[in-house]
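Work through the exercises below with the sequence and the model open beside you, and try each task before reading its solution.

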Amino acid sequence: MNWSNGTAAFDEIHSASPPEVPEQSGSNERERAKKGEEEARAEKKNPDSSHSGISLFLSLTLSIRLGSMASQTDESGREALVQPSPAVPQRSQKPEVTKRIPMARPGFGTDGRQIQLLTNHFSVRFSGNDAVFYQYSVSIKSEDNRVVEGPLPQNNFEFKVILEESSARGAGGSPGNGSPTDGDRKRFRRSQLSREFKVGISYAAKIPLKSITLALKGSESEQTQEALRVLDIILRQQQAKRGCLLVRQSFFNGEHTNFVDVGGGVTGCRGFHSSFHPTLGGLSLNMDVSTTMILTPGPVVDFLLANQNVKDPRQIDWIKAKRMLKNMRIKTRHRNMEFKIIGISELPCHQQTYVLNNVYSYVIGVASFYLAFCLNAYDSSTFDYASACSFPLKVKNGGGEGQTVEVTVFDYFKSRKIDLSWSANMPCLDVGKPKRPNYVPLELCTLVSLQRYTKALTSQQRASLVEKSRQKPQERIRVITDAVRNNRYDDDPLLSSCGIKIEKQLLRLDGRVLLPPTLVVGNKEDCMPRNGRWNFNNKRLWAPTKIERWAIVNFSARCDMSHLSRELINCGRNKGIHIERPFTLIDEDRQWLRSGPVVRVEKMFEKIKAQLQDPLSFFFVFCQRERTPIFMVKHLICYLLINDQYLTNVLLKINSKLGGMNSLLAIEHTRGLPIVDQTPTMILGMDVSHGSPGRSDVPSIAAVVGSRQWPLISRYRASVRSQSPKVEMIDSLFKPQANGKDDGIIRELLVDFYKTSGARKPSQIIIFRDGVSESQFNQVLNIELNQIIQAFEHLGEKSLPKFTVIVAQKNHHTKLFQADAPENVPPGTVVDSKIVHPRNFDFYMCAQAGMIGTSRPTHYHVLLDEIGFSVDNLQKFVHSLSYVYQRSTTAISVVAPICYAHLAAQQMSQFVKFEDITETSSGQGDASSLSGQPAVPDLPKLHENVCSSMFFC
């Protein structure tokens, strides 16, 4: 084929159905069933042996009457439910295609200076090899639900739970300050309302903890992750009993000392992450400080003022407030009860009315409401408070006839001696049901603590969070160590029954510090990084570009553009970049200053098109530092104190965007890279950018960058595609069309490599993948890698290149500390002992210099290495790729190809950020995909002068 044009011919353990059980070769289903029945009978005869019957998965405490229990108990009083029959449906035997699995560790690195380290892992003595857990599926159906379709497992137990509103415990009285009268009590006792629920408990799986022991020996089985999840659930259960907010394996309590205000009604809540890990040094507990975002607890009006950045309640935008408050949980001051907000009233409190027409319903409704909550029998989010508080009241006149009375919310609460001081002219919060609203005055409502805030933070909020939540290494060590001691894990009966004892001191281990690579800048001058940093003082760029036609766009009236342009030109001259005077200076029309960001940018582009006829190299955009409204522009400068260092950083980005090079590795310049320089090698960086949390309608953006101009490893090109929302696996690496052509990402990058590398085809491909978890490693190896191979074959190649696949993880909780110094670990620190996987090839590397807070190493997993790197060569190669990032003069925490892919996906996502996704993918006719999901809009094609550049820098 012609390569020149590229044409070709359990957060928590829960299961809805019993899991599949792997079959053993040479045995049939009858033999397996017989063997399982014998094993079950043996366990039933001796239920206390081997920690048998630790039933963790259904731990419910019901303070309600439990009736019609269908289960039986054994002689010891233990429910027979704990002893399941092993008759679980077996997986049918089908021929399976050989699948790739992560490679085993080939050895350990030796290069570098030795260093003593501490890590936030705590050694665990594990002796519960015989412990067995049983997993059950739990389903709860109301009395009016249909029967579940399909067969149920053999071990199925049903219970009837009847919730009765007959108890008078802690009724709390009627609305107002009085108590129910004797007549009220009699009428209430006659109201014996009950609801019936069916609780189905079905056996799903048997999970022995001995699989953890096998994993520690390097023989990981399918049940290892399930067994570890059991132990993690025990940790979660312990914190749940203490009333903590649980977010995956992190927990947060509501103490105000853990709160950090980040503005906008959002608070950072500091807590802890805890999880068990099988490591080379044995089982360990990973404990780390964690932070989640919550709504700032307190009066609802204070939240709205902070969220909308206004000072007076009269300035609140109630349309925005309605969207923001929906589904939030509040507590009312006059009743001390929790509700969920479904909306706000259309009228203010002194105009919004209740319709009252039946006093008896009123009394019964209020009393039943109190009893239900005192018994914890109803969920406040679903209880029909509206029927209890819209207060139908029939008032008799002199003739004995009843009449309907309407009262406003304000008057009603005033009649109940509940004073309202300032909310009469404001809307009420609706905490009822869509068809039966129940309005509560705003000033009586406060936000409940520990409600997660899942929307994206603004740049100001992120900066505030980073500044207020960072911790120095010694402080983090103290906080983590205190947390392990205060949680008293050794006193937990479930952990003890599993034979788990946790050490109280951080794990000590050996690390190595790799030497930084030497860089080459202008005039072939060597530049030696120190502490992960270097600079261009009195130095020129390696390959500076020439800038002839450019313009300045000003979105800030306080900006002296002439002065800034002169400073920029002078700085560029010192770095070797020849910059002509700007072609034009364009100010924003003042009439658009108060418009939205999209309108302002569009109006500015209209003005630019009117003034300019010929294309320019780029635009400089100046704007205010706060509330920056600019998107989709070539570059952005915030108005702040301009100095040489700041302008140098700007020029580094501009030079890279326009095709220049700022620096190279010395071994790259002299062709001294092991393995890579001898054979044409292509480097890929892959990442997927998802929409903001809660936005399931925004497409995800997949980006892959590929190296070009071999043997260089510092120059890249990006290829970007949109795909279904929240999908992590890239599905457009190979994308065959109806005409037989491939419109995928890999073909585009392969053809570019061929054109820019002297008509050479890559014989080796090194893939760096970001953003995937351990559970997705097999998908990377067997789905994404297969797509890359298909793209290669589609170009007509019979011999495939050798692949090395490496996953980089930043979203983990392992930290490294110096054992004998208070500072962060030095840049270049590598760890491949004790805390790494007992079988797989992985290592931790901290390439960057941690100047603020505590450094987080990157966790690299080598899934496949057909190229055949030695451990030392691979680690040094990865370390070197942290120094080729053209945007800065510091070593970065993860390899440059991954950073570039992240930047490309993030910048290209701006093209769909303001599109009406709902309209463009409404699911009408041909707008839907074959799977029934809305069609994903394609990204616009980049201009040919841009697509091959490093526009993402």
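Contact is taken to mean heavy atoms within 4.5 Å, while axes are lines fitted to C-alpha atoms, for helices over the stretch in contact, with angles running from 0 to 180 degrees between N-to-C directions. Helices (H or I, at least four residues) and strands (E, at least two) are DSSP runs numbered from the N terminus. This is a predicted model, in which local features need pLDDT of at least 70, side-chain atom pairs count only at pLDDT 80 or more, and totals for chains, interfaces and linings use all residues. Residues are numbered from 1 along each chain as its sequence is written, and side-chain values use heavy atoms, with hydrogens and water left out.

**Exercise 1.** Determine the strand order of the open eleven-stranded sheet and identify its edges.

Begin with pairing, which requires that DSSP finds at least two bridges between two strands. The order is then β35-β34-β33-β36-β37-β41-β40-β39-β23-β2-β38, with mixed pairing. Next, β35 (716-723) and β38 (816-818) each have a single partner strand, so one side of each lacks a neighbour in the sheet. Finally, neighbouring strands are turned by 30 degrees against each other on average, direction ignored.

**Exercise 2.** Describe how β40 and β41 are joined.

Strand β40 (residues 841-846) runs antiparallel to β41 (residues 858-865), and five bridges join them. Within this pair, Met845 stands opposite Thr858 of β41.

**Exercise 3.** Locate the helices α17 and α20 relative to the strands they lie across.

Helix α17 (residues 745-756) lies across β33, β34, β35 and β36, at about 165 degrees to β35. Helix α20 (residues 896-908) lies across β33, β34, β35, β36 and β37, at about 45 degrees to β33.
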